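Thank you all for coming. Before I start, please have a look at the structure on the screen, and then I will walk you through it piece by piece.

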Amino acid sequence: MKVTIEKIYEILNEIIPGIDFKIETKLVDSDILDSFDIATLAAELEDIFDIEITVNDLVPENFNSGLSIYELVLNRQNE
Amino acid sequence: MTFASLYFIFFIITVCTLYFAVPDGMKWIVLLISSYFFYFLLSSVWTVFILFTTATVFISAIAIERITEHSTEYLNKNKELMDEEQVKAYKAKTKRIKKYTLLCGLFANLGILIFLKYGKFLFENINLSTTHIASLNWIILPVGISFYTFQALGYLIDVYRGKYKADHNFFKFSLFLSFFLQIIQGPISRYDELALQLYKPHRFYYARAQNGILLMLWGYFKKLVIADRAALYTSMVFENYIEYAGIEIILAAILYTLQIYGDFSGGIDIIRGIAQILGIDMALNFKRPFFARTVSEFWRRWHISLGSWTKDYIFYPLILSKGFARFRKQMGNALGHYLGKTIPVCVSTIILFLVIGIWHGASWNYVFYGLCNGGIISLGLLLEPVFDKVIKITRLNTGSRAWSVFQMIRTFVVLSIVRMIVNAKSLSAGFSMLVSIGRDWGNMNALKKAIIASGMGKWGAVVLFTAALVMLLVEVLQENGIHIRESISRQNVIVRWITYYGLIFAILFFMMDSSDGIKEFIYAQF
């Protein structure tokens with residue numbers, strides 16, 4: 001499946017409902033996403049978008065916002 | 001030479017003086033010689049083990065780097081002569097060789113750690129003869145082996161992952177692993193955070209040294225006034241728990257939590273304070289853990305470097321592995337989407353905390369510690385939809401202060417009970433203590449007698465209570481974003497010196513000085 005920002009928001013809402021992911025830019029830094037959420041999210045992204053995420057990708061910069069998550073998936077799909 | 005001894009203070013003064021006196025190019029050498037001198041004093045011939053780890057990891061990292069460089073060079077030269085399949089096969093072969101090199105380095109060092117730390121425990125539990133078990137009595141655990149082994153393996157895995165290049169200076173790398181401030185009780189540092197700071201020369205800055213000394217004094221206060229005083233009562237009750245009733249055991253559980261926090265975080269504050277004097281910023285290992293509202297949050301605030309290490313080198317690799325991807329698919333097909341994605345995370349969590357538990361030591365108590373923490377967090381993850389429904393139905397205001405306070409108290413109580421069981425002489429003793437709380441509550445007179453009998457006395461109890469309140473107040477201010485040392489440094493000279501001398505006086509006047517000397521740090525045994 002080709003990644004879209006809307007799909008990313010949908011996945012995030014499933015994991016942590018009640019957050020406005022369109023405006024949040026510090027999901028990891030503000031502890032909104034903890035390591036269990038990141039692990040669940042990374043696994044979901046791999047399954048849904050058929051990409052490979054490595055441990056090196058699991059850094060706060062890649063998961064602090066919906067946009068950065070979208071860009072991570074886009075880069076992996078384009079590889 | 002414990003951190004709380006005069007010999008150590010003298011050692012630090014000598015190291016700091018030498019460090020700032022020598023030319024820039026020699027500063028890291030002063031740290032290296034000091035580190036090995038310190039280590040040899042503590043471990044004597046067992047120093048050979050840290051040397052082995054240093055050498056094997058140093059060589060393995062360079063080997064991995066050379067394999068990568070050779071492979072890149074070969075592909076650049078020959079890619080026009082190779083088709084896609086050949087390139088793929090060559091890359092797969094390179095990856096395999098790198099992996100085997102990594103595994104050799106990992107197994108060699110983990111093997112030593114497992115044999116030295118867990119050999120006797122494993123032998124006892126697979127019912128070997130007492131002769132076999134007795135033949136292992138010569139084993140002494142080298143100081144800091146759990147800390148430096150994890151630190152070394154983290155570095156090796158990072159080089160394998162291409163996070164940074166291998167260190168090509170054996171002596172500098174030796175300093176990274178043996179740095180005397182972290183060897184006894186961590187933190188478990190990352191190469192890219194600590195190594196460059198160690199190798200780079202630092203100048204003496206008075207303001208920074210002042211801040212460092214203040215942090216050290218705070219660490220000594222927590223260790224000598226709070227932790228060692230609480231230990232008087234906790235050691236008495238844990239040693240002879242049968243003689244004590246519910247209320248006395250509850251007090252022991254609470255004081256043990258205070259003791260281990262004061263001891264461990266106090267030690268880390270001392271280390272970080274000394275490092276600050278030297279111009280080195282060591283990793284934060286505690287972030288006011290008793291403000292945690294869940295067990296999961298607690299582990300982001302307590303022994304942060306161990307939690308972070310196991311997250312990056314065990315938890316995430318497990319979750320992202322092909323095996324767990326297949327497991328996720330199977331769970332998803334059998335149990336639906338939510339359980340399909342949550343159960344693998346729960347299994348990884350339990351494995352993660354099992355490792356954290358047994359990292360602490362070779363006993364069923366620590367296995368229980370790990371499984372309990374992992375189990376509580378996993379149960380929370382599995383039941384999250386149920387909790388969300390209950391909150392919705394009851395219209396519970398989870399944003400309220402009262403709810404936050406309830407969560408903090410709940411987390412504190414749960415973890416104090418777990419810690420009480422783990423600290424008991426055995427698991428069965430721990431559970432007996434728990435049952436005693438419910439069976440015979442006791443009375444206040446007996447509690448007062450127990451406090452006096454422990455050697456703490458009425459006055460000691462008042463000191464402990466007041467010191468704990470001071471610590472709580474400091475942490476409340478910090479939790480609200482107030483940087484206390486910075487605030488103090490902005491005050492006029494009289495206020496600053498009252499603070500410094502006040503702390504020194506409090507430590508010297510109220511510190512525990514038992515007849516057998518100052519107690520060793522609890523985490524030094526790991």
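Let me begin with a term: a residue is called buried if 20 or more other C-beta atoms lie within 10 Å of its own, exposed if 12 or fewer do, and partly exposed in between, with the C-beta atoms placed from the backbone. What we are looking at is a predicted model, in which local features need pLDDT of at least 70 and side-chain atom pairs count only at pLDDT 80 or more, while totals for chains, interfaces and linings use all residues. Residues are numbered from 1 along each chain as its sequence is written, and chains are lettered from A and ligands numbered from 1 in the order in which they are written.

With that term in hand, take B:Phe353, which is buried because 26 other C-beta atoms lie within 10 Å. B:Phe353 sits in helix 15 of chain B, where helices (H or I, at least four residues) and strands (E, at least two) are DSSP runs numbered from the N terminus. Leaving out residues up to four places away in sequence, B:Phe353 touches B:Gly370, B:Leu371, B:Asn373 and B:Gly374, and touching, or contact, means that the two C-beta atoms, placed from the backbone, lie within 7 Å. The C-alpha atoms of B:Phe353 and B:Ile377, which are 24 residues apart along the chain, are separated by 9.7 Å.

Now to chain B as a whole, which has 23 helices and 0 strands. Its 526 residues would, as a compact globule, have a radius of gyration near 24 Å, and the value for chain B, 25 Å, agrees; the radius is taken over C-alpha atoms, and the globule rule is 2.2 Å times the number of residues to the power 0.38. Of the 526 residues in chain B, 37% are buried.

Chain B is divided into domain 1 (6-203), domain 2 (205-286 + 426-526) and domain 3 (295-423), with bounds that come from an automatic or database domain assignment. The C-alpha centres of domain 1 and domain 3 of chain B lie 30 Å apart, and the contact between these two takes 12 residues from domain 1 and 7 residues from domain 3.

How many residues does each chain give to the contact between chain A and chain B? Chain B gives 18 residues and chain A gives 15. On the side of chain B, helix 13 gives the most, with 6 residues. That side divides into 8 nonpolar, 3 polar and 7 charged residues, where Ala, Val, Leu, Ile, Met, Phe, Trp, Tyr, Cys and Pro count as nonpolar, Asp, Glu, Lys and Arg as charged, and the others, Gly among them, as polar.

Turning to chain A, the 15 residues of helix 2 (residues 35-49) should span 21 Å at 1.5 Å a residue, and the end C-alpha atoms are 21 Å apart, which agrees; the expected span is 1.5 Å times one less than the number of residues. Several residues of this helix are buried, including A:Phe36, A:Leu41 and A:Ala42. Just after helix 2 of chain A, A:Asp50 takes a positive phi of about 55°.

Of its 132 residues, A:Ala42 and B:Leu156 touch the most other members.

Key: Core = buried A, V, L, I, M, F, W, Y, C linked by C-beta atoms within 7 Å.
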